[in-house]
Amino acid sequence: MASSTLPISQYRPFSAPPRPSPSPFSAFLGTHRLRLLRTPRVVVGNWLALRALVVSATTTKMPKRQTPGRTGGFVDEMRAVAMKLHTRDQAKEGEKEPDSPPVSKWEPSVDGYLRFLVDNKLVYDTLETIVQKAAYPCYAEFRNTGLERSKNLVQDLEWFKDQGHTIPEPSVGASYAHYLEELSEKDPQAFICHFYNIYFAHSAGGRMIGRKVAEKILDSKELQFYKWDGDLSQLLQNVRDKLNRVASSWSREEKDHCLEETEKSFKYSGEILRLIVS
């Protein structure tokens, strides 16, 4: 999430070619040509000093262009750990061996998708309630980020109800919601790990899955679950900045503890995801 370099054109017009811009060394030589010729003893010293200056200028590393989705802070560490738990089907940087067919091979059902949406709503309700209560002051940083999904899911479930579908009760998502509540009261670093992975996974791979499922069972209808008010990339960047700011006060041990929770986050989210094909 690498830049490419376009080849330099070899085209030359029939008219006289434009004179190339002088290099730093040529410009220096032109300016001081007479002086160099008249004072040969100084030439070597000047040339060596200039050569060192030119080499330094051409080998100095330019600042790297920021890769979208990367901030250089702790969020980059969280992302790197999460990528290791993705398969290549899920992300280009994924490293995990797939243990199930790719999304394109899924055979989703409307009933299974409804269970998936219901359980997600419970999880997002829980997350939004936790940051509103803010058992730890840092949670308040994540109020009203624009990434919230509960209201959108309410609209989607209402739409399914209007189509004549029965809305089921939550299933595996109930245990995840309970775990998040307990975690938020005693382990803020671990809770922040789940917060990050839930919201950011949905904004990336989650959207791809939603599109594939909609193509197969909803006549490509885009649900509100996959719509955000405003520029999503900017909303995500704002939350990245907040996450980095919160983590800046953590010790290395606390940061590592947060990262260690990633696998558990994937385990719970994976259980909900599998409801789609249940």
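Mentor: Of the 278 residues of the protein, 36% count as buried. Buried denotes under 20% relative accessible area, exposed over 50%, and partly exposed the range in between (1.4 Å probe, protein chains only). This is a predicted model, in which local features need pLDDT of at least 70 and side-chain atom pairs count only at pLDDT 80 or more, while totals for chains, interfaces and linings use all residues. Residues are numbered from 1 along each chain as its sequence is written, and side-chain values use heavy atoms, with hydrogens and water left out.

Trainee: Which residues have the most contacts inside the largest nonpolar core?

Mentor: In soluble globular proteins, nonpolar side chains tend to be buried together. A nonpolar core is a set of buried Ala, Val, Leu, Ile, Met, Phe, Trp, Tyr and Cys residues joined through side-chain atoms within 4.5 Å. The largest one in this model has 57 residues, and Tyr113, Phe116, Leu117 and Leu127 have the most contacts inside it. Elements that give two or more residues to this core include helix H4 (74-84), helix H5 (110-133) and helix H8 (188-217). Its largest share, twelve residues, comes from H8.

Trainee: What does Tyr113 touch, leaving aside residues up to four places away in sequence?

Mentor: Contact means heavy atoms within 4.5 Å. With those sequence neighbours left out, the partners of Tyr113 include Phe160, Gly210, Val213, Leu223, Tyr226 and Ile276.

Trainee: How is the span of a helix such as H5 to be judged, and what follows H5?

Mentor: The expected span of a helix is 1.5 Å times one less than its number of residues. H5, with 24 residues, reaches 35 Å from its first C-alpha to its last, close to the 34 Å expected. The residue that follows H5 is Ala134, whose phi is positive, near 50°.

Trainee: Which residues of H9 are buried, and which helices do they pack against?

Mentor: The buried residues of H9 include Leu232, Leu235, Leu236, Val239 and Leu243, and among them are also Arg240 and Asn244. The buried residues of this helix pack against H4, H8 and H10.

Trainee: How many salt bridges does the structure hold, and which parts of the chain does the pair of Glu77 and Arg252 link?

Mentor: Side chains of opposite charge can pair when their charged atoms come close. A salt bridge is a side-chain nitrogen of Lys or Arg within 4 Å of a carboxyl oxygen of Asp or Glu. The structure holds five of them. In one, Glu77 meets Arg252 at 2.7 Å, N to O. This pair links distant parts of the chain, with Glu77 in helix H4 and Arg252 in helix H10, 175 residues apart. Glu77 is partly exposed at 29% relative accessibility, and Arg252 is partly exposed at 41%. Glu77, Arg252 and Asp256 are linked in a network of salt bridges.

Trainee: Where do Glu141 and Arg245 lie?

Mentor: Glu141 forms a salt bridge with Arg245, with the closest N and O atoms 3.2 Å apart. Glu141 lies in the loop between H5 and H6 and Arg245 in helix H9, so the pair ties together parts that are 104 residues apart in sequence.

Trainee: How many residues apart are Glu271 and Lys267?

Mentor: An α-helix has 3.6 residues a turn, so residues three or four places apart point the same way. Glu271 and Lys267 both lie in helix H11, four residues apart, about one turn of the helix. Their side chains meet in a salt bridge (3.2 Å, N to O).

Trainee: Finally, what is the count of disulfides, and is Cys193 buried or exposed?

Mentor: A disulfide is a covalent bond between the sulfur atoms of two cysteines. The criterion is a pair of cysteine sulfur atoms within 2.5 Å. By this rule the count is zero. Cys193 is in no disulfide, the nearest cysteine sulfur being that of Cys258, 4.7 Å away. With a relative accessible area of 2%, Cys193 is buried.
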